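Here is a short briefing to read alongside the sequence and the 3D view. Please keep both open as you go through the points.

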Amino acid sequence: MKKNGIETHAVHEFGPVYDADSKILILGSFPSVKSREVQFYYGHPQNRFWKLLALLLQKKEPDGIEQKKEFLKESHIAVWDVIESCDITGSSDSSIRNAKFNDLDQILRSADIKAIYANGKKAEQLYRKHILPLTGRDIIGLPSTSPANAAFTMERLIQGWKQILEKIECH
């Protein structure tokens, strides 16, 4: 895979995380370069996704892929991305072209998803345009946890994301 500002065709190489007890589905757009390298969601050390969820759920921040998967399942959260493959420059959502979209049916059929959330505007826009017509299920946009969204402090992210708690059965 090429980097350094060169557009490349990239394929999402790791699957969704969910089980039958998942209550909400959080969708990103497409994994960042770092996430593709580590083969898991929100892999960039500056991405605030894991820290934010830990704060909201009042749990210890997970470390490592297996611990993150367990954290999501224990919290009744499913995670995936809108895009299966695309042409992209680095990690730039604005550069995405020629996207092929994931089929969310496997999650929506096997889990009791109460709400679908988008981690950032691009995921929300792509879902509304390409997936909503297929699922008939609306999506709720949340502020991006990406380090590129530096205008949002952790406090602002917490305010924007705390609504997910209404749909999760916290234990």
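Helix H2 is mostly covered, with seven of its nine residues buried. Please bear in mind that this is a predicted model.

**Helix H2 and what covers it**

- The buried residues of H2 are Phe49, Trp50, Leu52, Leu53, Ala54, Leu56 and Leu57.
- These buried residues pack against strand E2 (24–28), H3, E3, strand E6 (115–119) and H6.

**How H2 meets H6**

- Two packed helices are described by the angle between their axes and the distance between the axes.
- For H2 (residues 49–57) and H6 (residues 154–161), the axes come within 10 Å and cross at roughly 65 degrees.
- The crossing of H2 with H6 is right-handed.
- On the H2 side, the residues in contact are Phe49, Lys51, Leu52, Leu53, Leu55 and Leu56, and they meet Met154, Leu157, Ile158 and Trp161 of H6.
- Sorted by class, this contact holds nine nonpolar residues, no polar ones and one charged residue.

**Arg48, a buried charge**

- Where does Arg48 lie? Its place is the loop between helix H1 (33–38) and H2.
- Arg48 is buried but has no salt bridge.
- The nearest side chain of opposite charge belongs to Glu155, and it is 7.9 Å away.
- Apart from neighbours within four places in sequence, Arg48 is in contact with Ser144, Thr145, Ser146, Asn149, Phe152, Thr153, Met154 and Leu157.
- Two of these contacts, Met154 and Leu157, also take part in the meeting of H2 and H6.

**Salt bridges**

- Side chains of opposite charge can pair when their charged atoms come close. How many salt bridges are there in this model? The count comes to nine.
- One of them joins the side chains of Glu84 and Lys100, at 3.3 Å from N to O. This pair links distant parts of the chain, with Glu84 in strand E4 (residues 83–89) and Lys100 in strand E5 (residues 97–101), 16 residues apart.
- Glu84 is partly exposed, because its relative accessible area is 27%. Lys100 is also partly exposed, with a value of 47%.
- Another joins Arg109 and Asp105, whose closest N and O atoms are 3.9 Å apart. Both residues lie in helix H4 (residues 105–110), four residues apart, or about one turn of the helix.
- An α-helix has 3.6 residues a turn, so residues three or four places apart point the same way.
- Is Arg109 buried or exposed? With a relative accessibility of 67%, Arg109 counts as exposed, whereas Asp105 is partly exposed at 33%.
- Lys114 and Asp112 form a further salt bridge, at 2.7 Å from N to O. Their relative accessibilities are 45% for Lys114 and 37% for Asp112, and so each of them counts as partly exposed.
- Lys114 and Asp112 also belong to a network of salt bridges that includes Lys23.

**Positive phi outside glycine**

- Gln58 is not a glycine, yet its phi is positive, at about 55 degrees. It sits in the loop between H2 and helix H3 (65–74).
- Gln58 counts as exposed because its relative accessibility is 75%.
- His76 likewise has a positive phi, near 65 degrees, without being a glycine. His76 is in the loop between H3 and strand E3 (77–81).
- Is His76 buried or exposed? At 10% relative accessibility, His76 counts as buried.

**Ile6, ahead of the strands**

- Ile6 is found in the segment before strand E1 (7–11).
- With a relative accessible area of 42%, Ile6 is partly exposed.
- Leaving out neighbours within four places in sequence, Ile6 is in contact with Ile88, Thr89 and Gly90.
- The C-alpha atoms of Ile6 and Lys121 are separated by 23 Å, and the two residues are 115 residues apart along the chain.

Methods
Residues are numbered from 1 along each chain as its sequence is written. This is a predicted model: local features need pLDDT of at least 70, side-chain atom pairs count only at pLDDT 80 or more; totals for chains, interfaces and linings use all residues. Side-chain values use heavy atoms; hydrogens and water are left out. Axes are lines fitted to C-alpha atoms, for helices over the stretch in contact, and angles run from 0 to 180 degrees between N-to-C directions. Helices (H or I, at least four residues) and strands (E, at least two) are DSSP runs, numbered from the N terminus. A crossing is left-handed if the near helix is turned anticlockwise from the far one by less than a right angle, and right-handed if clockwise. Contact means heavy atoms within 4.5 Å. Ala, Val, Leu, Ile, Met, Phe, Trp, Tyr, Cys and Pro count as nonpolar, Asp, Glu, Lys and Arg as charged, and the others, Gly among them, as polar. Buried means under 20% relative accessible area, exposed over 50%, partly exposed in between (1.4 Å probe, protein chains only). Lys and Arg count as positive and Asp and Glu as negative; His and the chain ends are not counted. A salt bridge is a side-chain nitrogen of Lys or Arg within 4 Å of a carboxyl oxygen of Asp or Glu.
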